[in-house]
Every structure is written in C-alpha cells, then in structure tokens.
Amino acid sequence: MPQPLTRRQLLVGSAAALGSVCLCGASRGEEDPCSTCCTTPDLEPKSVTLYEKSITVDLAKATSLKKVGSAAYLVDKSRGLELILVHSERNRYAALSRLCTHAERHISYIRTRRVLMCNNANHSVFGLDGAVVKGPAPKPLRCYAVKVSKSRLDISL
C-alpha cells in the first residue's frame, strides 16, 4: 500500500504544479480585453509590408495595436524574424525580439508594469528598451528602431 503524502510533499507538489500554469489571464476582467500577458495576438498580415531592410506596418489595418497598452507578434519565418510590437503610449511604439535571451521562450508585454516578461518559469523581465530588469537573462533583447509617421510604423532591421 502506498505511503500517504506528508503535508510538506503536498505543498511542494502543489506549488510546482501551480507555478507551471499561467494564471494571469484568469484575473483579467471584461474591462481589460487587451491584456497581452500570455495572450499576445499575431499582427494582422494585411497590415504588414516586408522590405529587405525594413518593415512597414499600416496602423489603420493593425487592429491589434490600436489601443495604448496593446502588443502583437510579428513573425517572418523565412527571415528568422520574430518580433513583439508594443503600443506603450500615444504615438509611441517599440519593436523588440520576442525571444528571451535566456531560454529563447516567447515574451509578453505586461501592460500594468510596462515591461516585457519571459513566459518561461524563470520569468526574466525586460524594459521597453530591451534592457534586462531582472534575470536570469544574460543579455538584453534586440531592439529595432521604430519611426511613427501618420498612420504607419517604419521598423528598421
């Protein structure tokens, strides 16, 4: 007959299981449907024009970036390009690599804290300038220059 679990074993096992599940979306209310933590959408393909050394995003067609505090992934597998675009303030956007420099896991924008966080259990945290705010990430995220003009973003690669 198996031995019953001790209270300590039960608590340690429960904490490990809970730590591997992202509950950030569970606390989100209806008033905040744009939370991007663990639910970051892909940027609408119709809004993107790819050039050799730049990307243009038509903001009129990029509904996922419409509200301040929103974010979206932009992926071009043929170039090995994986970005997260963040609409952090009115007329202010950031474009960064979407892969953590520690474990190459996706990152999400945490609107309430105005930071990017790795979705891995280690939760490295990055500023919108790509700087490591909290490790274990060994180096910053790659940042791309973004120019906002009228209703478009021009991102230099």
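Which residue of β4 does Tyr 73 stand opposite? The residue opposite Tyr 73 is Ile 84. The model in which this pairing is found is a predicted one.

**Overall composition**

The chain contains one helix and 12 strands. Of the 157 residues in the chain, 38% are buried. Among contacts with a separation of 6 or more, 43% are between residues 24 or more positions apart. The accessible surface of the chain is about 9700 Å², and carbon and sulfur atoms account for 53% of that surface.

**The sheet around β4**

Four strands form an open sheet in the order β3-β4-β5-β10, with antiparallel pairing. Its edges are β3 and β10 (143-144); each has a single partner strand, so one side of each lacks a neighbour in the sheet. Eight of the nine residues of β4 are buried, and this strand is therefore largely enclosed by the rest of the structure.

| Strand pair | Bridges | Sense |
|---|---|---|
| β3 and β4 | seven bridges | antiparallel |
| β4 and β5 | six bridges | antiparallel |
| β5 and β10 | two bridges | antiparallel |

Val 86 stands opposite Ala 94 in β5, and Leu 96 has Cys 143 in β10 as its bridge partner. In the hairpin of β3 and β4, four residues lie between the strands, and Gly 80 takes a positive phi near 70°. The hairpin of β4 and β5 has two residues between the strands, and Asn 91 in the turn has a positive phi of about 60°.

**The sheet containing β2 and β12**

Another open sheet of four strands, also with antiparallel pairing, has the order β1-β2-β12-β11. Here β1 (48-50) and β11 (146-149) stand at the edges with a single partner strand each, so one side of each is left without a neighbour in the sheet. From one strand to the next, the twist averages 20°. Strand β2 (residues 54-58) and strand β12 (residues 152-156) run antiparallel and are joined by five bridges. Within this pair, Ile 55 stands opposite Ile 155 in β12.

**Nonpolar cores**

The largest nonpolar core has 16 residues, of which Leu 43, Ile 55, Val 57, Leu 74, Leu 85 and Ile 155 touch the most other members. At least two residues of this core come from each of β2, β3 (70-76), β4 (81-89), β5 and β12. The most is given by β4, with three residues. Beyond its neighbours within four places in sequence, Leu 74 is in contact with residues including Leu 43, Ile 55, Val 57 and Leu 85. A second, separate core has 15 residues, among them Ile 84, Leu 96, Leu 116 and Ala 137.

**A loop residue: Leu 99**

Leu 99 is located in the loop between β5 (92-97) and β6 (107-110). Is Leu 99 buried or partly exposed? With a relative accessible area of 22%, Leu 99 is partly exposed, because buried means under 20%. Leaving aside neighbours within four places in sequence, the contacts of Leu 99 are Glu 82, Glu 104, Arg 105, His 106 and Leu 141. Leu 99 and Cys 118 are 19 residues apart in sequence, with a C-alpha to C-alpha distance of 7.9 Å.

Key
Residues are numbered from 1 along each chain as its sequence is written. This is a predicted model: local features need pLDDT of at least 70, side-chain atom pairs count only at pLDDT 80 or more; totals for chains, interfaces and linings use all residues. Side-chain values use heavy atoms; hydrogens and water are left out. Two strands pair if DSSP finds at least two bridges between them. Axes are lines fitted to C-alpha atoms, for helices over the stretch in contact, and angles run from 0 to 180 degrees between N-to-C directions. Buried means under 20% relative accessible area, exposed over 50%, partly exposed in between (1.4 Å probe, protein chains only). Contact means heavy atoms within 4.5 Å. Accessible areas come from the Shrake-Rupley method with a 1.4 Å probe; for residues, only the protein chains shown count as cover. A nonpolar core is a set of buried Ala, Val, Leu, Ile, Met, Phe, Trp, Tyr and Cys residues joined through side-chain atoms within 4.5 Å.
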